[in-house]
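Here's a friendly walk through one protein chain. Have a look at the model below, then read on.

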Amino acid sequence: MNGRRRSFGSVSLRPAVVAVGLVSMLSFGAACMLFAARGQGPTIQPEQAPPMQYIPAGERERLARETDFKDRTQLSIELAEAHLVLAEQRTAAAQFNAASSELGIY
């Protein structure tokens with residue numbers, strides 16, 4: 001092109017091309033850093049699943065036999081307290097899996 005700059009009217013296109021290229025490179029670099037940083041996060045894996053929550057059949061039958069609402073509530077509280085005491089004892093004995101299982105019973 002005989003060494004002449006392309007222009008559109010009185011505006012030169014060269015600075016616009018440089019600016020677009022610079023913005024594109026910066027955007028690409030920022031995107032690369034975001035994806036690289038995302039992959040470096042710490043991953044925390046639980047050692048085991050949380051305890052299964054259930055009511056044992058014997059306790060369910062005892063609760064079903066109670067017809068009075070207050071008596072049923074009182075029995076429910078007593079059963080829960082018994083499981084909490086067992087969980088506390090197993091925790092003190094460093095039996096953490098058994099203690100965790102005991103907490104799943106309600």
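## The chain as a whole

Of the 106 residues in this predicted chain, 9% count as buried, where buried means under 20% relative accessible area, exposed means over 50%, and partly exposed is in between (1.4 Å probe, protein chains only). A quick note on the model: it is predicted, so local features need pLDDT of at least 70 and side-chain atom pairs count only at pLDDT 80 or more, while totals for chains, interfaces and linings use all residues. Residues are numbered from 1 along each chain as its sequence is written, and side-chain values use heavy atoms, leaving out hydrogens and water.

You'll find four helices and two strands here; helices (H or I, at least four residues) and strands (E, at least two) are DSSP runs, numbered from the N terminus. Starting at the N terminus, the order is β-β-α-α-α-α. If you take contacts (heavy atoms within 4.5 Å) between residues at least 6 apart in sequence, 38% join residues at least 24 apart.

## Around histidine 83

Histidine 83 sits in helix α3, which covers residues 69-92. Its relative accessibility is 9%, so histidine 83 counts as buried. Leaving aside residues up to four places away in sequence, histidine 83 touches Glu59, Glu102 and Ile105.

With glutamate 59 there's also a side-chain to side-chain polar contact at 2.7 Å. A polar contact is a pair of N or O atoms within 3.5 Å; within protein, one must be able to donate a hydrogen and the other to accept it, and residues adjacent in sequence count only if both atoms are side-chain atoms.

## One salt bridge

The structure has one salt bridge, meaning a side-chain nitrogen of Lys or Arg within 4 Å of a carboxyl oxygen of Asp or Glu. The partners are glutamate 102 and arginine 90, with their closest N and O atoms 2.8 Å apart. Since glutamate 102 belongs to helix α4 and arginine 90 to helix α3, the pair ties together parts that are twelve residues apart in sequence.

Most residues other than glycine have a negative phi. Alanine 94 isn't a glycine, yet its phi is positive, at about 60°. Look for alanine 94 in the loop between α3 and α4 (96-103); its relative accessible area is 49%, so alanine 94 is partly exposed.
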